[in-house]
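Biologist: I am new to this structure and would like to go through it with you. Please show it first, then I will ask.

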Amino acid sequence: MFLIIAIIISFLLSARGSDIEEPSQETGFESLAALSSYEGNQPPGIVTLAWDRLDDDTVQGYRLHLGINSGQYIAHGKAGNGTSFTLHLPRGFTWYFTLTAYNAAGESPYSDEVLASLPLL
């Protein structure tokens, strides 16, 4: 299990940047709306998360936080400045996700948490 987590963290850091600090919550942002996981027929192990754009001209992008326990996020990665992000994750776990927005002053509070269960085939 630790190898799987290390692979995911390594992937997120290399693909999206290595900024892994917790949100500072000093930006004045309101909490983001909840993420919504994709409800369609996707290949096994693929999760697409979507959210509404924060109505704030200072937003520079979004960061996705994920873990295998509720409220305990072990991987943090930049999700760009769009409104969705697709991850290829190992099956056999329930994954928990939250999102933050960031700007030059820091990060927003966490959004509401969503989860995706990916049972073994």
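Biologist: How many bridges join strand 3 to strand 6?

Modeller: This is a predicted model, in which local features need pLDDT of at least 70, side-chain atom pairs count only at pLDDT 80 or more, and totals for chains, interfaces and linings use all residues. Residues are numbered from 1 along each chain as its sequence is written, and side-chain values use heavy atoms, with hydrogens and water left out. Strands (E, at least two residues) and helices (H or I, at least four) are DSSP runs numbered from the N terminus, and two strands pair if DSSP finds at least two bridges between them. Strand 3 (residues 61–67) runs antiparallel to strand 6 (residues 93–103), and the number of bridges is 7.

Biologist: Which residue of strand 6 is the bridge partner of His65?

Modeller: His65 is on one side of strand 3, together with Gly61, Arg63 and Gly67. Its bridge partner in strand 6 is Thr98.

Biologist: How many residues of strand 3 are buried?

Modeller: Buried means under 20% relative accessible area, exposed over 50%, and partly exposed in between (1.4 Å probe, protein chains only). In a regular strand the side chains alternate between the two faces of the sheet. In strand 3 both faces are covered, with Tyr62, Leu64 and Leu66 buried on the side away from Gly61, Arg63, His65 and Gly67, which are buried too. The count for strand 3 is 7 of 7.

Biologist: What is the angle between the planes of Trp51 and Tyr62?

Modeller: Rings of Phe, Tyr and Trp (its six-membered ring) pair if their centres lie within 6.5 Å; planes under 30 degrees apart count as stacked, over 60 as edge-to-face and the rest as tilted. By this rule there are 3 aromatic pairs. Trp51 and Tyr62 form a tilted one, 5.6 Å centre to centre, with an angle between the planes of 55 degrees.

Biologist: Why does this pair tie together parts that are apart in sequence, and how many residues apart are they?

Modeller: Trp51 is buried at 5% relative accessibility, and Tyr62 is buried at 1%. Trp51 lies in the loop between strand 2 and strand 3, whereas Tyr62 lies in strand 3, so the pair ties together parts whose separation in sequence is 11 residues.

Biologist: Which side chain makes a polar contact with the side chain of Thr48?

Modeller: Thr48 lies in strand 2 and counts as buried because its relative accessibility is 15%. A polar contact is a pair of N or O atoms within 3.5 Å; within protein, one must be able to donate a hydrogen and the other to accept it, and residues adjacent in sequence count only if both atoms are side-chain atoms. At 2.9 Å, the partner of the Thr48 side chain is that of Thr86.
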